[in-house]
Amino acid sequence: MTSSSTVNLLDLDAAGLVAYCDSLGEKPFRAKQLQRWIHQYNAADFDGMTDLAKSLREKLKGRAAIVMPGVVSDHVSTDGTRKWLVDVGNGNAVETVFIPEETRGTLCVSSQAGCAVNCRFCSTGKQGFSRNLSTAEIISQLRMAEFALRAARAPAGADARPDAKGERVITNVVMMGMGEPLLNYDALVPALRLMLDDNAYGLSRRRVTVSTSGVVPMMDRLGADLPVALAVSLHAPNDALRDELVPLNRKYPLAELMAACQRYLRVAPRDFITFEYCMLDGRNDTDAHARELLALTADVPCKFNLIPFNPFPESGLVRSKPERIKRFAQILMDAGIITTVRKTRGDDIDAACGQLAGAVQDRTRIAQRMERAERIIELRRAD
């Protein structure tokens, strides 16, 4: 842990590190050196940063630290999916999941301890909401996973530390773990900047995806500040059903959400929005629902990712049957919409979509948390 007077350098993006070095009387190039040591070489302390002047290393020892959350557990599924439970203090933990595929490795990162949105089909929302994660806690999930995966792949006795030219294991990041990323905007954006920075993780904007349940004002702000790929958790083709499944819809209904998607596409690194759609037996999976979806999204270039529901007892919901999912997908594809059905990965370690639950000690009432988040959004909108 850091003291109140100690700066955790994992909280700082490039601009933050430049400002911090300036406060120490150091030139901007020192910030780049620090960033490479921290994010590309996995440095845990300052003694090993051999190209930094000894005087700077001594300054840093007294004023700064590199502090990662601890790992509570680390499990690997039979299909290769790997899930870490990460301790973020005060009895709270979040989950981070790596999904290996032939041509890429995707890391699913959490942004909050718990979630205030409380989507009906998501186990995270059922446990309540504790707090937002810091930038350090968000980027630490990528740092921890990247170097753990490198170590696992390295031959016995080999140095798993990457250099600037090393081939990274994680090629894609999706902010689809625990929490609603856009309700933690101020911590999210510096973490995204680090993911994209060539002196840190060097990912492209097309390979970093923020998933949102539809926080319209913050979608606009992300488009202005740092447009990365966008996924929208849609899950229903009309307001009445979406109000039930995604309560945030009562604040930002579908007409507003579709308009926000169109605005985002003007600046997005991809020329489409990905709509996530959890397939629920008898609730949102009929032919009529599919045709409603086509009408709803007619003016939004998009692709659909259909997600077989991962059941949990509190939901009262059932996964759509495979033949129903196939029929639903076919209706969308026949209309020219690229449609995929997400493979269920990591079921045996509860790492599949909608299963992330972590551990949240402070189960503050969801309604109060949502009201507070909405007040913050309104204040930002007024600014």
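**Exercise 1.** How are α10 and α11 oriented relative to each other?

*Solution.* The model examined here is predicted.

Step 1. Two packed helices are described by the angle between their axes and the distance between the axes. For helix α10 (residues 287-296) and helix α11 (residues 322-334), the angle is about 30° and the axes are 9 Å apart.

Step 2. Angles under 35 degrees count as roughly parallel. The two helices α10 and α11 are therefore roughly parallel to each other.

Step 3. The handedness of the crossing of α10 and α11 is right-handed.

Step 4. On the α10 side, the contact involves Asp287, His289, Ala290, Arg291, Leu293 and Leu294; on the α11 side, Arg324, Arg327, Phe328, Ile331 and Leu332. By class, the residues of this contact of α10 with α11 are six nonpolar, one polar and four charged.

**Exercise 2.** Describe the packing of α6 against α7, and identify the residues that make the contact.

*Solution.* 

Step 1. The axes of α6 and α7 lie 12 Å apart, and the packing angle is about 30°. That angle makes α6 roughly parallel to α7.

Step 2. The crossing of α6 and α7 is right-handed.

Step 3. From α6, the contact residues are Tyr185, Asp186, Leu192 and Arg193; from α7, they are Met218, Arg221, Leu222 and Asp225.

**Exercise 3.** With which residues does Arg221 form salt bridges?

*Solution.* 

Step 1. Side chains of opposite charge can pair when their charged atoms come close. The side chain of Arg221 meets that of Asp186 in a salt bridge, at 3.8 Å from N to O. This pair links distant parts of the chain, 35 residues apart: Arg221 belongs to helix α7 (residues 216-225) and Asp186 to helix α6 (residues 185-196).

Step 2. Arg221 also forms a salt bridge with Asp225, where the closest N and O atoms are 3.5 Å apart. Arg221 and Asp225 are separated by about one helical turn, because they are four residues apart in helix α7.

Step 3. The relative accessible area of Arg221 is 31%, so Arg221 is partly exposed. Asp225, at 34% relative accessibility, likewise counts as partly exposed.

**Exercise 4.** Is Leu254 buried or exposed, and which residues does Leu254 touch?

*Solution.* 

Step 1. Leu254 lies in helix α9 (residues 254-265). Its relative accessible area is 3%, so Leu254 is buried.

Step 2. Residues up to four places away in sequence are not counted; the residues touched by Leu254 are then Leu234, Ala236, Pro237, Asn238, Asp239, Arg242, Asn249 and Leu296.

Step 3. For Leu254 and Leu296, the separation is 42 residues in sequence and 8.3 Å in space, from C-alpha to C-alpha.

Conventions. Residues numbered from 1 in each chain as written. Predicted model: local features only at pLDDT ≥ 70, side-chain atom pairs only at ≥ 80, totals over all residues. Heavy atoms only, no water. Buried < 20%, exposed > 50% of the residue type's maximum accessible area, 1.4 Å probe, protein only. Contact = heavy atoms within 4.5 Å. Salt bridge = Lys/Arg side-chain N within 4 Å of Asp/Glu carboxyl O. Axes fitted to C-alpha atoms, helices over the stretch in contact; angles between N-to-C directions. Parallel < 35°, antiparallel > 145°, perpendicular 65-115°, else oblique. Left-handed = near helix turned anticlockwise from the far one by under 90°. Nonpolar A, V, L, I, M, F, W, Y, C, P; charged D, E, K, R; others polar.
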